[in-house]
Amino acid sequence: MSTVTPEATPVENPPAADALLVVRDLVKHFPIRGGLLRKVVGAVRAVDGVSFDLKTGETLGLVGETGCGKSTTARLVLRLIEPTSGSVIFDGVNVLSAKGESLRSLRRSMQIVFQDPFASLNPRMTVGSIVAEPLIVHRRAEGEGGGLNRKARKDRVGELLSLVGLNPEHYNRYPHEFSGGQRQRIGIARAIALNPRLLLLDEPVSALDVSIQAQVLNLLEDLQDRLGLTYLFIAHDLSVVRHISDRVAVMYLGQIVEVASSEELYRRPKHPYTSALLSAIPLPDPSKERLRQRVILRGDVPNPANPPTGCPFHPRCPKAQAICSEVMPPLEPHGPGHVAACHFPND
């Protein structure tokens with residue numbers, strides 16, 4: 001499938017003045033092939049028109065059910081997979097048209113931490129080699145010589161391990177010798193090795209125990225303050241997102257249906273889907289939990305290869321009316337910095 005560059009897809013909404021990352025109308029359709037000749041007979045609409053801005057130094061949480069397109073969006077931003085159409089602008093640079101050294105330079109500034117800390121680390125490589133690999137691949141030059149020498153790389157790796165709370169003496173150990181939380185710290189050390197400006201965190205704590213989740217989240221917040229990082233934090237656990245995010249974008253079936261500041265979204269959700277997600281968060285106070293009204297969604301998430309007409313949420317929405325199945329609701333403002341795509345938003 002062809003890729004449309006930002007020149008062919010103009011940015012309609014003006015980005016924020018301090019936006020580091022600007023994503024507009026990002027689309028990724030995976031072709032479905034069938035028959036003897038393997039012809040294209042349809043497409044899975046994994047990401048279907050996603051737009052958002054990410055300001056320098058902030059954390060934007062991207063939440064939604066499994067399969068809604070969160071991780072695909074992250075990979076599209078990094079161009080690990082090519083989009084069907086749309087635009088991605090990082091610090092004024094067109095990511096989708098970058099090639100060669102220009103693309104390598106962009107990737108030094110944008111790194112990713114994957115969900116599974118064991119699958120993302122090569123079991124045949126030592127921790128020192130894993131963390132040093134970006135330094136070798138991208139040839140981080142210090143003075144002449146085109147890259148760090150072996151001693152300088154080892155010193156840098158030791159510094160990075162200390163920064164994420166690991167012992168530099170574990171340089172020659174292998175990933176299987178560490179716990180899940182320690183392995184995720186190794187992945188974070190590798191991600192910050194090139195001094196990036198943007199980290200895409202793809203559910204970085206979902207595979208960890210709750211106590212370890214808190215430690216890793218505190219580490220991420222500390223690194224953000226010390227290194228001036230900007231985060232796109234992907235998760236399906238809204239309590240985790242509330243802890244770390246400045247703003248939250250809610251995705252459903254490949255589309256963003258609501259964006260607001262973290263405090264505003266949790267206090268006054270406008271989209272019925274957001275309300276349903278928030279009602280599923282257990283409350284620690286049993287008396288409040290008993291009094292709370294749960295929002296129970298009927299049915300299952302529609303097939304992204306055959307999405308419903310109109311609003312994608314209408315088959316499961318308790319407030320749906322005739323117009324919802326006919327007209328796609330646009331993202332409309334509901335206060336400063338708060339937008340939602342719903343014909344009948346919550347009061």
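This is a predicted model: local features need pLDDT of at least 70, side-chain atom pairs count only at pLDDT 80 or more; totals for chains, interfaces and linings use all residues.
Axes here are lines fitted to the C-alpha atoms of a helix over the stretch in contact, and the angle between two of them runs from 0 to 180 degrees between their N-to-C directions. Two packed helices are described by the angle between their axes and the distance between the axes.

The crossing of helix 5 past helix 6 is right-handed. On the side of helix 5, the contact is made by Gly181, Arg185 and Ile188, while helix 6 brings Ile212, Gln215, Val216, Leu219, Leu220 and Leu223.

A second pair involves helix 3 (residues 127-137) and helix 4 (residues 150-163), which pack at an angle of about 110° with their axes 9 Å apart. Since angles of 65 to 115 degrees count as roughly perpendicular, helix 3 is roughly perpendicular to helix 4. Helix 3, too, passes its partner, helix 4, in a right-handed crossing. Helix 3 contributes Val127, Gly128, Val131, Ala132, Leu135 and Ile136 to the contact, and they meet Arg153, Arg156, Val157, Leu160 and Leu161 of helix 4. Eight nonpolar residues, one polar residue and two charged residues make up this contact of helix 3 with helix 4.

Thr84 sits in the loop between helix 1 (70-78) and strand 4 (85-90). Its relative accessibility is 14%, and because buried means under 20%, Thr84 counts as buried. The side chain of Thr84 also reaches the backbone nitrogen of His29, at 2.9 Å.

The other threonine, Thr230, belongs to strand 8, which covers residues 230-235. Is Thr230 buried or exposed? With a relative accessible area of 1%, Thr230 is buried. Which residues is Thr230 in contact with, leaving aside its neighbours within four places in sequence? They are Leu20, Leu54, Lys55, Thr56, Gly57, Glu58, Arg197, Leu198, Leu199 and Gln224.

Definitions and conventions: Residues are numbered from 1 along each chain as its sequence is written. Side-chain values use heavy atoms; hydrogens and water are left out. Helices (H or I, at least four residues) and strands (E, at least two) are DSSP runs, numbered from the N terminus. Buried means under 20% relative accessible area, exposed over 50%, partly exposed in between (1.4 Å probe, protein chains only). A polar contact is a pair of N or O atoms within 3.5 Å; within protein, one must be able to donate a hydrogen and the other to accept it, and residues adjacent in sequence count only if both atoms are side-chain atoms. A crossing is left-handed if the near helix is turned anticlockwise from the far one by less than a right angle, and right-handed if clockwise. Contact means heavy atoms within 4.5 Å. Angles under 35 degrees count as roughly parallel, over 145 as roughly antiparallel, 65 to 115 as roughly perpendicular and the rest as oblique. Ala, Val, Leu, Ile, Met, Phe, Trp, Tyr, Cys and Pro count as nonpolar, Asp, Glu, Lys and Arg as charged, and the others, Gly among them, as polar.
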